[in-house]
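Please look over the chain shown below before reading on.

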Amino acid sequence: MPPKALPGFRDFYPAEYAVRAHIIETWRRIARRYACTEYDGPPLEPLELYTQKSGDEIVGQLYNFEDKGGRAVAMRPEMTPTFARMVAARAQALRKPVRWFSVPQLFRYERQQKGRLREHFQLNVDIVGESDVLADAELLSIAIEICRDFGLDRSDFYARVSDRRLLNALLGHLKIHPDAWAAVYAVLDKLERQPRDVSAQKLETAGLDAAARDAVLGFGAIDSVDALRAAFGESADVRVHLDRFAEYANHLQALGVGEFLRLDLTIVRGLAYYTGIVFELFDAHGEFRAICGGGRYDNLLQALGGVDLPSLGFGMGDVVLGELLKARGKLAEVGTPVADVWLVPSESTAIAHLLAVASVLRRADVSVEYPLSAEKLHARKSGAQLKDAQKAGARLALVFRDDTLAEVVALAGASTDAERSVLDTADWLTAVNTSAVLAPVLTALGR
RNA sequence: GUGGCCGUAGCUCAAUCGGUUAGAGCACCGGAUUGUGGUUCCGGGGGUUGCGGGUUCAAUUCCCGUCGGUCACCCCA
């Protein structure tokens, strides 16, 4: 037995590859709809690119090693550092705002679990050079429109959105010392998954008084700007951020995706680098992990690339998304590519004729298959060959009756012989450049 | 890195209390038949029961280890 694929890595057989291609093609199509352009970087990077942002402890979660030149390198676990380097290097020359996307394969050395492997494909969309909330609305609408294009609607998923600036203003209003904010973030992040008394205990340990603790624990129940305004609107510091969030919501409404938006102060997105609006897309049934996450990180390019530009972006992986689409029956139409036409010769059809026809069709971009065995071509009865064509998934069969006649037989679906038509092959063989071959086939294919 | 559960054919599963040659469906390959349609019928290839060790007259079955899968924690994309 040859070695299997490594733990957490996937073999993509045609059926699985078709799903992967469907997902990635949809990502590309929608990103381009928003005038984003595609880029890529190296899958292998200097280890330092990741440790300078996240510290040495991240090394335990990376595929890293020393190359033959003695360099410490790592398979990329995320795209943002590469992106930041690329943008920073040409920051002066790039037209702003930059709207770029990429579909890198990313690697992470972690024990696999539901929705998380050691390798995945992730759409990254980033906008650089614009601090207005219009950019934030644009970004989230891309993620939502992608999910809509996969056939998901509000009953399948929604966006949970918070804002670091708003949350910080709230914490400040509650007189919580900035030193405790990180601890509060950690509690909010787990508010749903952790018993309430455990959360309360952690907040108390962080130094919050009873009133502040209750307020923070109550954040989970606030799911709208109006509710937040009612509770904290008297604070001018908070109101500034509430107004901006309301404007953001209005933009999303006008972009046609307002129904997916839900304010949720428990969305934290890690503890690092985000500085403004942050969001995650969740399936509405709560069965899966977040299918997408992102937000604004206005200081990251400064930290990674030495260029001070406001930025925002999101990542969407193929694993959880694929699980969700499968669970909701949105992959039923995704099939492996098959032949357009299957050639079935009669006993008297010369192989050279068959091949000439195949050539003409293929040069017209029609995919053609036939048995790759002279024995089968001539020994198998046409009925058996049609069965072969059917099983192979061909859309049409071109059945030669004798040396001069052939028929186009529709195989796809449950259709009968409605689309069957008889052709005169003499024209093909004497003048293969004419449309005599192509027209009936292309018509039957609907081209 | 920690813990729970699970490893039988390509896939889904079966095999009495530990008992004789580990079976079935699907899939695949060949054939018959439908002289041109997914049917039906016959046949075939496929397994070191994940791997290693132990207990036993006898292990797919019980025990230990290991590898793999899966789920959760940690952490995060």
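## Backbone details in the loops

Pro 97 is found in the loop between helix H3 (80–89) and strand E5 (98–102), where helices (H or I, at least four residues) and strands (E, at least two) are DSSP runs numbered from the N terminus. A cis peptide bond, with omega of about -5°, joins Lys 96 to Pro 97. This is a predicted model, in which local features need pLDDT of at least 70 and side-chain atom pairs count only at pLDDT 80 or more, while totals for chains, interfaces and linings use all residues. Residues are numbered from 1 along each chain as its sequence is written, chains are lettered from A and ligands numbered from 1 in the order in which they are written, and side-chain values use heavy atoms, with hydrogens and water left out.

Ala 35 is not a glycine, yet it has a positive phi of about 60°; this residue lies in the loop between H1 and strand E1 (37–38). Ala 35 counts as exposed because its relative accessibility is 52%, given that buried means under 20% relative accessible area, exposed over 50%, and partly exposed in between (1.4 Å probe, protein chains only). Asp 365, also not a glycine, has a positive phi of about 70° and is placed in the loop between helix H13 (351–363) and strand E14 (368–369). With a relative accessible area of 61%, Asp 365 is exposed.

## A buried strand residue

Val 125 belongs to strand E7 (residues 119–128), and its relative accessible area of 0% makes it buried. Between the C-alpha atoms of Val 125 and Glu 48, which are 77 residues apart along the chain, the separation is 23 Å.

## Aromatic rings and charges

A search of the whole structure finds 14 aromatic pairs. In one of them, the rings of Tyr 273 and Tyr 274 have centres 4.9 Å apart and planes at 35°, so this pair is tilted: rings of Phe, Tyr and Trp (its six-membered ring) pair if their centres lie within 6.5 Å, and planes under 30 degrees apart count as stacked, over 60 as edge-to-face and the rest as tilted. Tyr 273 is partly exposed, at 24% relative accessibility, whereas Tyr 274 is buried, at 10%.

One aromatic cluster is formed by Phe 9, Tyr 63, Phe 107 and Tyr 109. Over the ring of Tyr 109 sits the charged end of Arg 118, 4.1 Å from the ring centre; a charge sits over a ring if NZ of Lys or CZ of Arg is within 6 Å of the ring centre and within 35 degrees of the ring normal. The charged end of Arg 160 likewise sits over the ring of Phe 282, 4.4 Å from its centre.

## Two domains

Chain A is assigned domain 1 (14–327) and domain 2 (341–445), with bounds that come from an automatic or database domain assignment. The C-alpha centres of domain 1 and domain 2 are 53 Å apart.

## The second largest pocket

The second largest pocket is lined by 13 residues, and those nearest its centre are Arg 10, Glu 16, Val 19, Asp 318 and Gly 322. Here a pocket is, on a 1 Å grid over the protein atoms alone, an open set of points where a 1.4 Å probe fits, with protein on both sides within 12 Å along at least five of seven lines, and lining residues have an atom within 4 Å of a point.

Helix H1 (14–33) and helix H12 (318–327) each supply at least two residues of this lining, and H12 gives the most, with 5 residues.
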